[in-house]
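User: I have a model open and want to learn how to read it. Can we go through it feature by feature?

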Amino acid sequence: MSDWQQIWERDGARQMWSVPDREVVELAERWKNAGSIRRVVDIGCGIGRHVRHMAQQGLDVYGSDHSETAIESCRQWLQSENLSAELWCGEMEEIPYPDATFDACIAFNSIYHGTAERLDGMIRLLHSKLRVGGECLVTLPSRENRMYGRGECLAPDTYVSPGMYGDLFAHDGESGVPHHFCSRKQVQSLFRGFHIQSLKHEELQLATDRGKTEAVWVSIPKAFFWRVVAIRKDSNVQ
Ligand SMILES: C[S@@+](CC[C@H](N)C(=O)[O-])C[C@H]1O[C@@H](n2cnc3c(N)ncnc32)[C@H](O)[C@@H]1O
């Protein structure tokens, strides 16, 4: 049985999660140019591929993760490049800033490690921490994901992974980590209170960091995720 704290102690995971996702790169570029987006929070930031990238773009970046190892690695990575961000270690719900603090938020493959209720609570929390008009990118596993229905069932559509994407991580992959899998309808309901700008259903793509040569992207077969880009509407939502 492993958890993310242990996963981040391995080199394999670090290599696969060090190149920023291409949509995040596009968004960061747009956010930088928009002028109206400065403060961006990355929930479940891992070792910080997106924190680093957004800091490089000159955005004010905040990031959290419940793995101390990940946060420490992120700190060191930023320090080594003379970049800065506000980082803290804590559960995803711990966002120690007032409501409407952030102009944008990223939760890339992070906030679904729990039940449907926990995920719903997280989206509500992101809604409250974003200002009206603030934007978020959230990725969520789909029920067409090859891991749907595998492992111990904790709650409806929530499974404790028996080793999700074992080939992406050394040893036993994400074994022991719960995952909640969403339908399209559920995603649409989760984002009530937001205007959904784009909703894509795609296989996860990751790239190994190859140092100075260009990253090589690989699609993980049948690792289907929803990618939601959404704008906070001017309303409170229950
Ligand atoms: C697949 S990694 C993604 C990391 C990063 N978002 C990225 O795209 O590189 C998932 C991250 O979520 C974090 N995580 C998982 N459950 C969490 C929780 N309950 N609270 C905070 N962070 C959590 C893990 O420690 C891990 O760093």
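Predicted model: local features only at pLDDT ≥ 70, side-chain atom pairs only at ≥ 80, totals over all residues.

User: How do I read a sheet?
Analyst: Start with the pairing. Strands of a sheet pair through backbone hydrogen bonds, either parallel or antiparallel. Here, 7 strands form an open sheet with mixed pairing. The order is β3-β2-β1-β4-β5-β10-β9.

User: Why is one side of β3 and of β9 left without a neighbour in the sheet?
Analyst: β3 (86-89) and β9 (194-208) stand at the edges, and each has a single partner strand, so one side of each has no neighbour in the sheet. Direction ignored, neighbouring strands are turned by 15 degrees against each other on average. For β3, the pairing with β2 (residues 60-65) is parallel, over 4 bridges. D65 has C89 in β3 as its bridge partner.

User: Where do helices α3 and α4 lie?
Analyst: Helix α3 (residues 22-34) lies across β1, β4, β5 and β10, at about 170 degrees to β5. Helix α4 (residues 49-56) lies across β1, β2 and β4, at about 170 degrees to β2.

User: And the core?
Analyst: In soluble globular proteins, nonpolar side chains tend to be buried together. The largest nonpolar core here has 53 residues. Among those touching the most other members are V40, V61 and C136. Leaving out residues up to four places away in sequence, C136 touches A104, C105, L126, L130 and A230. Of the chain's 238 residues, 41% count as buried.

How values were computed:
Residues numbered from 1 in each chain as written. Core = buried A, V, L, I, M, F, W, Y, C linked by C-beta atoms within 7 Å. Buried ≥ 20, exposed ≤ 12 C-beta atoms within 10 Å, placed from the backbone. Contact = placed C-beta atoms within 7 Å. Pairing = 2+ DSSP bridges. Helix = DSSP H or I, 4+ residues; strand = E, 2+ residues; numbered from the N terminus. Axes fitted to C-alpha atoms, helices over the stretch in contact; angles between N-to-C directions.
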